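Look over the model below, and then follow a few questions and answers about how some of its parts are packed.

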Amino acid sequence: MATMSALRNTLILILLAVLISGCGAMRQDPTRDWSASQLYEEAKAALERGNFDQAVEYYETLEARFPFGRHAQQGQLEIAYAYYKAQEPEMAIAAIDRFLQMNPRHPHADYAYYLRGLTNYERDQSFLNRWIPQDQARRDAAPLRTAFQDFGTLVQYFPDSRYAQDSRERMVRLRNLLAAHEMHVADFYMRRGAWVAAAQRGRYVLEHYDGSASVPDALEVMVRAYRELDMDDLAEDALRVLRQNFPDRADELAALPHRITAPA
């Protein structure tokens with residue numbers, strides 16, 4: 001009997017502890033009586049102060065408690081910005097996609113695409129890379145291509161948007177980065193004697209990034225690779241285009257040995 005009594009007392013104490021803990025948690029939540037309007041205003045104020053984690057918390061609470069109100073709809077886009085500033089790109093992209101899916105004709109849909117482009121552009125940059133400069137051309141190109149598509153969508157469907165001009169300028173920079181990335185890969189192939197793959201990268205730049213800063217590099221890669229492959233006609237075609245558009249680069253290339261590797 002004494003054992004049963006002790007067990008009962010222990011269970012009572014555990015139950016009381018759980019209840020007290022629950023009550024304490026309720027007292028610790030200052031937002032429990034807030035209206036949708038107050039939650040939204042506090043979230044926005046935290047965002048403006050640069051307290052992005054706090055802003056995210058308030059926006060998430062707003063959406064959970066008042067999912068169908070007008071404040072929640074506006075908060076769906078603002079929480080995406082908060083995630084972006086808090087360096088949580090995956091969450092930012094998810095919030096933007098959800099916003100566009102639910103509000104495809106929203107007056108701020110152009111901003112959603114713009115923010116999506118910014119997020120994709122920066123999504124693979126680690127904290128360390130923000131402080132130590134890196135060669136942008138060596139980054140994973142997939143997010144850059146997606147960012148280019150996001151900015152392109154904005155420019156195509158919202159040509160008069162306040163974000164359109166900046167998007168166009170970013171597309172130019174992204175185009176140069178993507179072309180430089182292809183040349184970085186081509187150099188990797190050339191150093192390993194993979195001449196076919198190198199030539200294909202050069203041709204890809206000419207076909208997809210004509211006018212970029214990497215065009216003369218692409219032509220030079222093609223000349224070198226085709227020479228190594230004994231495809232002299234293709235090498236001469238690439239050299240002729242290089243000479244017509246970048247004569248100095250053509251002269252430098254002409255002074256080099258016809259082949260890098262010795263014939264077998």
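Helix packing and one buried glutamate

Q: Which helices are included in what covers the buried residues of H5?
A: The model is predicted, so local features need pLDDT of at least 70 and side-chain atom pairs pLDDT 80 or more, while totals for chains, interfaces and linings use all residues. Numbering runs from 1 along each chain as its sequence is written, and side-chain values use heavy atoms, without hydrogens or water. With helices taken as DSSP runs (H or I, at least four residues) numbered from the N terminus, and contact as heavy atoms within 4.5 Å, the cover over the buried residues of H5 includes H4 and H6.

Q: Which exposed residues does the face of H5 turned away from its buried side carry?
A: The buried side of H5 is made up of residues that include Ile93 and Phe99. On the face turned away from that side, the exposed residues are Glu90, Gln101 and Met102.

Q: How far apart are the end C-alpha atoms of helix H5?
A: The expected span is 1.5 Å times one less than the number of residues. For the 14 residues of helix H5 (residues 89–102) this should give 20 Å, and the model agrees, because its end C-alpha atoms are apart by 20 Å.

Q: How many of the 14 residues of H6 are buried?
A: Among the buried residues of H6 are Asp110, Tyr111, Arg116 and Asn120. H6 is largely enclosed by the rest of the structure, because the number of its 14 residues that are buried is eleven.

Q: Which helices do the buried residues of H6 pack against?
A: The buried set of H6 includes Ala109, Tyr114, Leu115, Gly117 and Leu118. These buried residues of H6 pack against H4, H5, helix H8 (141–157) and helix H9 (164–191).

Q: Which residues does Glu220 touch, not counting residues up to four places away in sequence?
A: Glu220 belongs to helix H11 (residues 215–228). Glu220 counts as buried because its relative accessibility is 16%. Leaving out residues up to four places away in sequence, Glu220 touches Arg249 and Leu253.

Conventions
Helices (H or I, at least four residues) and strands (E, at least two) are DSSP runs, numbered from the N terminus. Buried means under 20% relative accessible area, exposed over 50%, partly exposed in between (1.4 Å probe, protein chains only).
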